Amino acid sequence: MTTNGSGALLSTHGLYKAFGGNVAVHDVSLDLYPDRITALIGPNGAGKTTLFNIITGYERADAGSITFDGQPVTGMAPWEISRRGVVRTFQTPVGFPTMTVWESLQVAGASHNVLTGMMTNRGRRETAELSERADEILQNLGLNELIDTPVDELAAGDRKLAELARQLMAQPRLLLLDEPAAGVNPGAISRLSELIRDVHRSGIALMIIDHNLSFVLDVADYVHTMANGRIIAEGTPEEIAANPLVRQVYMGADT
Amino acid sequence: MSTLAAISALSSPTFWVSLLTLIGIYASVTMLLNVESGWGGMWDLGIVGLLAIGSYTYTIVTNPPGEFEVSYAPGWPVWAGILAAMLMTGIVAFLVGLPALRARREYFLIITFAFAEVFRQLAINLGDLTHGTVGFNSVARPFESFFQRDALRAVLLVVTWGAALLVYALTRRISRSGYGRALRAMRDNEPAALSLGIRVSRLRLQTFVLVGVAIGGIAPLYMWWLRYANPNVFRAQFTFTAWTALVLGGIASRFGPVLGVAVLLLFTELVELIDVPPELRNVHVAVHPLAIGLLLVLVLRFRPEGLLSERRTFGERARRQTALDVAMAAVASRLRRLGRGDAVRAEAL
């Protein structure tokens, strides 16, 4: 396994995390390159979301390190990592239920501090710039009809897209998508793949966790497979689909 | 109370000036409570504790030297007293906030409630500074040498509502700002707020201190209205009244706190003034809180979010407020795209 290879945007090195006696992530080292869509697959409980949580600062690794863009980010707080450009989505997209889609898109990118967010004129110019960005993102995701809909009244699939739109407002350099296809109706999956490819084409590095194997193999350029906290295989979608170990893990645990 | 007394109270300017002043004070405090608890999701049940700090600070530093048997009476002017009250309340909010804000929801609520009671006990026991349970039976007020008694009351009414207007302008600014949205975002969904780069713990502390400083500024108004200070004034009843008004008016709405306070305090006064025969007077006193409870139940039965609601304050309206911004941004982006050509449009996300 190559680490610290040239061109890797994010590298993890020997990440280890246990909850009590239960090892969730066991010596995970991986490199993430911006020029390909990376996926992380594996059965339930394989440690995928825990790995996301560690990378984005929501959990602290017991051992190991993470570098982003050459800088160490191990143990940083989630907001700090987000501001460096590593932004994630969540498995259950609750969002901000009291806000409309539009409002929730205005949260990211604005000044949040008491003083800079309230007292200075900077806030106003930001609003115009944010509005423009929000309109563009909503248009591209086909959400412009739902702009004034409260987030908690959205259908499950739209809610996923609204969450994606909201996180794009944070101008990520690397976006981690936690099960983007879960709850999306099967007919809309191919459109979702297209949108995700568009996001990647716009210059944002991507890493995707999903259960839906056909979706992942379709959208990803490179796939890591996890089971029991370890990476058991990695390669192109074709290699992964043909890998007997992956087939055994998937057939054994899922389907 | 006889019919005559009730009518005379309602037709007396003094009654109305006093009641309207009190409404202005409560409205300011409740609007600030709304920033913290309604938008910020920090359920503060110790708001009276901050008011006590501000009130005592103002009263102590502005008392004329020698009037009370206390060790510290510098006799500062009124304006210096107001600044001292704001500063002191801000400092105390910071010191309370550091530990208390580590807890959430009901735990934060219990801690703030406890701190308010601790401050009251301190006021009782630091007799050298606060004059103990007796407290102070006079408070320095501004403009005292310029106006007669009733005129001064009217002037202070105007000053109080000027302050309330300032607080309203502040909350209005907050509600439309990135800061206000960040507050509501962290209340709705803390992990998602963090993932957008919002520094949640610092935002909480900043908000708590901001509310503290502002309440420190309102406290002198309360002292001018009350004209005495003792530990009994700062019982939890004040906090409960503010909370009741907040729920009644519509928690997390913008104008709800003002409306809630006005409805609640007017209703309370009118219930008290209802004329009853002498033999029913005990019943009247006992039924009094019941009537207020009934008002609350009825409002929440038919308007569960309160008289006004967060959804009416924000939502579509908030979008329309930025419609001009959106239009201008659309024109700007159209122009830019014309310059860059169509190829770029395909790439843009």
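1. A salt bridge here is a side-chain nitrogen of Lys or Arg within 4 Å of a carboxyl oxygen of Asp or Glu. Helices (H or I, at least four residues) and strands (E, at least two) are DSSP runs, numbered from the N terminus.

2. Conventions. This is a predicted model, in which local features need pLDDT of at least 70 and side-chain atom pairs count only at pLDDT 80 or more, while totals for chains, interfaces and linings use all residues. Residues are numbered from 1 along each chain as its sequence is written, chains are lettered from A and ligands numbered from 1 in the order in which they are written, and side-chain values use heavy atoms, with hydrogens and water left out.

3. Accessibility of the first pair. Buried means under 20% relative accessible area, exposed over 50%, partly exposed in between (1.4 Å probe, protein chains only). R173(A) is partly exposed at 36% relative accessibility. D69(A) is partly exposed too, at 39%.

4. Across the chains. R311(B) and E153(A) form a salt bridge at 3.8 Å, N to O. The pair runs from helix 14 (residues 310–313) of chain B to the loop between helix 5 (122–140) and helix 6 of chain A. R311(B) is partly exposed at 34% relative accessibility, whereas E153(A) is exposed at 53%.

5. Within a helix. R120(B) and E117(B) form a salt bridge at 3.1 Å, N to O. They are 3 residues apart in helix 5 (residues 105–125) of chain B, so about one helical turn separates them. R120(B) is buried, at 8% relative accessible area; E117(B) is partly exposed, at 33%.

6. Salt-bridge count. The whole structure has 19 salt bridges over all chains. A network of them links E103(A), R184(B), R187(B), D188(B) and E310(B).

7. Cores. A nonpolar core is a set of buried Ala, Val, Leu, Ile, Met, Phe, Trp, Tyr and Cys residues joined through side-chain atoms within 4.5 Å. The largest has 142 residues. L175(A), I196(A), F215(A), Y222(B) and F234(B) have the most contacts inside it. Helix 10 (residues 200–226) of chain B gives the most to this core, with 15 residues. A second, separate core has 27 residues, among them L15(A), L30(A), I81(A) and A205(A).

8. The sheet. In chain A, 6 strands form an open sheet of mixed pairing, in the order 6-7-8-3-9-10. Two strands pair if DSSP finds at least two bridges between them. Strand 6 (86–88) and strand 10 (230–235) are at the edges; each has a single partner strand, so one side of each lacks a neighbour in the sheet. The twist averages 20° from one strand to the next.

9. Around L175(A). Strands 6 and 7 of chain A run parallel and are joined by 3 bridges. V87(A) stands opposite L175(A) in strand 7. Beyond neighbours within four places in sequence, the contacts of L175(A) (heavy atoms within 4.5 Å) include V87(A), L164(A), L168(A) and I204(A).

10. Helix 6 of chain A lies across strands 6 and 7 of chain A, at about 160° to strand 7. Angles run from 0 to 180 degrees between N-to-C directions, with axes fitted to C-alpha atoms, for helices over the stretch in contact.
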